Amino acid sequence: MTGKEFTDNLQAFLLLRNEPLHKVGIIGANESLSKHLETATLKLFGLWIDFVNLRAPDYTSTEKALKKQFGTPKEDASLRDLTINSLFYNIHSRQVEDFTEMGVEDLEKRRIRTPLSPNKTLEDDPLRALRAIRFAGQLNF
């Protein structure tokens, strides 16, 4: 399910519960700007939340860019820029899920680290280095 499809279903659920609805924003994919997936964004209970489908690695020998392929939570977590940005919240169990098995510990230890090797992570998207610096600054790591 794409982020847009999820937010459409979420809006229908909120409507049934008489909760306030907000406009869904769509940030389109833009390969030239290292933005490989479409993202839906929605303000929910006062917080802006981004929704995007789970992705899987699918590289060809001639193409380094990540293709749009649906994946599992574990595959998606391994492709995130940072371990602390690869945590999932399971709404059914109300538990944080750490498929990299590093994210919770890194958050507790205030450590910035990539799920895969830094070379692989930065090769896929060099802007991840700037996001790591931004996270470190915002979280006082």
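Me: How do β1 and strand β2 pair, and over how many bridges?
Reply: In this predicted model, β1 and strand β2 (residues 39-44) pair in the antiparallel sense over three bridges. Two strands count as paired if DSSP finds at least two bridges between them. Strands themselves are DSSP runs of E with at least two residues, helices are runs of H or I with at least four residues, and both are numbered from the N terminus.

Me: Which residue in β2 is the bridge partner of isoleucine 26?
Reply: The partner is alanine 40 in β2.

Me: And what joins β2 to β3?
Reply: Five bridges join these two strands, which run antiparallel. One of the pairs is lysine 43 with tryptophan 48 in β3. In the hairpin of β2 and β3, two residues lie between the strands, and phenylalanine 45 takes a positive phi near 55° there.

Me: What is the strand order of the open sheet, then?
Reply: The order is β1-β2-β3, with antiparallel pairing in an open sheet of three strands. The edge strands are β1 (25-27) and β3 (47-51), each of which pairs on one side only. Neighbouring strands of this sheet are turned by 30° against each other on average, direction ignored.

Me: Which helix lies across those strands?
Reply: Helix α1 (residues 3-16) lies across β1, β2 and β3, and runs at about 25° to β2. Axes are lines fitted to C-alpha atoms, for helices over the stretch in contact, with angles from 0 to 180 degrees between N-to-C directions. Contact here means heavy atoms within 4.5 Å.

Me: Before moving on, how are residues numbered, and what limits apply to the model?
Reply: Residues are numbered from 1 along each chain as its sequence is written. The model is predicted, so local features need pLDDT of at least 70 and side-chain atom pairs count only at pLDDT 80 or more, while totals for chains, interfaces and linings use all residues; side-chain values use heavy atoms, with hydrogens and water left out.

Me: New topic: how many salt bridges are there?
Reply: The structure holds ten salt bridges, each being a side-chain nitrogen of Lys or Arg within 4 Å of a carboxyl oxygen of Asp or Glu. One of them joins aspartate 76 and arginine 80, with the closest N and O atoms 2.7 Å apart.

Me: Are those two residues buried or exposed?
Reply: Both aspartate 76 and arginine 80 are buried. Buried means under 20% relative accessible area, exposed means over 50%, and partly exposed lies in between (1.4 Å probe, protein chains only).

Me: Which residues are linked in a network of salt bridges?
Reply: The network links Glu105, Asp106, Lys109, Arg111 and Arg113. Within it, glutamate 105 meets arginine 111 at 3.0 Å, N to O, and aspartate 106 meets arginine 113 at 2.8 Å, N to O. Aspartate 106 is buried because its relative accessible area is 0%, whereas arginine 113 is partly exposed at 28%.

Me: Where is asparagine 18 found?
Reply: Asparagine 18 is found in the loop between α1 and β1. Its phi is positive, about 60°, although asparagine 18 is not a glycine. The residue counts as exposed because its relative accessibility is 71%.
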